[in-house]
Amino acid sequence: MSDDATEPVTETFLAHRNLLFTVAYEVLGSAADAEDVLQETWLQWAKADRGQVRDQRAFLVRITTRQALNRLRAIRRHREAYVGPWLPEPLITAPDVAEDVELAESVSMALMLVLETLSPTERAVFVLREVFDIGYDEIAAAVDKSPAAVRQIAHRARRHVDARRPRQMVSSNEGQAVLESFRRAVETGDPQALLDVLAPEVVLMSDGGGLKHAAQRPVTGAERVARMFAGGIGRFEGTFTTEPTLVNGHPALLVRMGGEIDGVMAISVENGLITGLYYVRNPEKLSHVTSATPLTLR
């Protein structure tokens, strides 16, 4: 292929790259796997007979969705054998993601965990329909189902997600205020200050992937979670610091121990209190954090 022919092919792909990455990431919950899917999408796009492509965006989304579905089915068994709780790979996101309330909710740790409970096809249909408002005919072509079947799958997936998703969306300012209160409480190790910002039914999930220490099961209840933070920080010999950041469109903390990045802690908030804490320590999931390059997802 000549350079003249290659240039518009590349430009078209790059024009849609953020969208394609977000589709793959929301289907997979892994930025590393999403990047691999984009490589496969690019290869298929470069070889395609573009004279037969009526809608380039739809064509690229269809390839990406199929590749993401194939990969998700292949890695499901691996996730079932994962050591301890599995959390999505965190992404440092640009402020524009937080400003897009619907997009921010769709990539939040809380909702991404709900999506993990869907079947691969349900997850892909939900993402394409609910997040990107793609038509049923286009989705049908992407998942190899009839439009009628896709409508049924979309309805079933929406009902499942609505029953489990966070009950309210919180403004960025409110989320940041709650995070700052939590940050001060964590850094001082003050149990009462922690209790003041944690919902009674708060759930802490930590993901070490067998490579770093983490609780093997979710920790539930404000008193248990507060004791873990207060006791854990007290036992650490060295400098413990936290830095506010935006992860998956929501306020979060970048945690350092001894000056080195230890992990990312995301939160979910309802009624001014933290209902969910998601601490990703698995170093294999922190490449997009250590690069410190904020992502734009559309």
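Which residues of helix 7 are buried?

**Figure 1. Buried residues of helix 7 in the predicted model.** The buried residues of this helix are Pro120, Thr121, Glu122, Arg123, Ala124, Val125, Phe126, Val127, Leu128 and Val131. Because ten of its twelve residues are buried, helix 7 is largely enclosed by the rest of the structure. From its first C-alpha to its last, helix 7 reaches 16 Å, close to the 16 Å expected at 1.5 Å a residue. Asp133, which follows helix 7, has a positive phi, near 55°.

**Figure 2. The largest nonpolar core.** This core holds 53 residues, of which Phe21 and Val143 touch the most other members. Two or more residues each come from helix 1 (3–28), helix 2 (31–47), helix 3 (56–80), helix 6 (109–115), helix 7 (120–131), helix 8 (136–143) and helix 9. Helix 1 provides the largest share, ten residues. A second, separate core has 25 residues, among them Val178, Val202, Ile267 and Leu277. In soluble globular proteins, nonpolar side chains tend to be buried together.

**Figure 3. Surroundings of Val143.** Apart from neighbours within four places in sequence, Val143 is in contact with Thr65, Leu69, Thr121, Ala124, Val125 and Val150. Of these, Thr121, Ala124 and Val125 are among the buried residues of helix 7.

**Figure 4. His155 in helix 9.** His155 lies in helix 9, which covers residues 147–162. The relative accessibility of His155 is 44%, so this residue counts as partly exposed. Pro244 is 89 residues from His155 along the chain, and the C-alpha atoms of the two are separated by 37 Å.

Methods: Residues numbered from 1 in each chain as written. Predicted model: local features only at pLDDT ≥ 70, side-chain atom pairs only at ≥ 80, totals over all residues. Heavy atoms only, no water. Helix = DSSP H or I, 4+ residues; strand = E, 2+ residues; numbered from the N terminus. Buried < 20%, exposed > 50% of the residue type's maximum accessible area, 1.4 Å probe, protein only. Core = buried A, V, L, I, M, F, W, Y, C linked by side-chain atoms within 4.5 Å. Contact = heavy atoms within 4.5 Å. Expected span 1.5 Å × (residues − 1).
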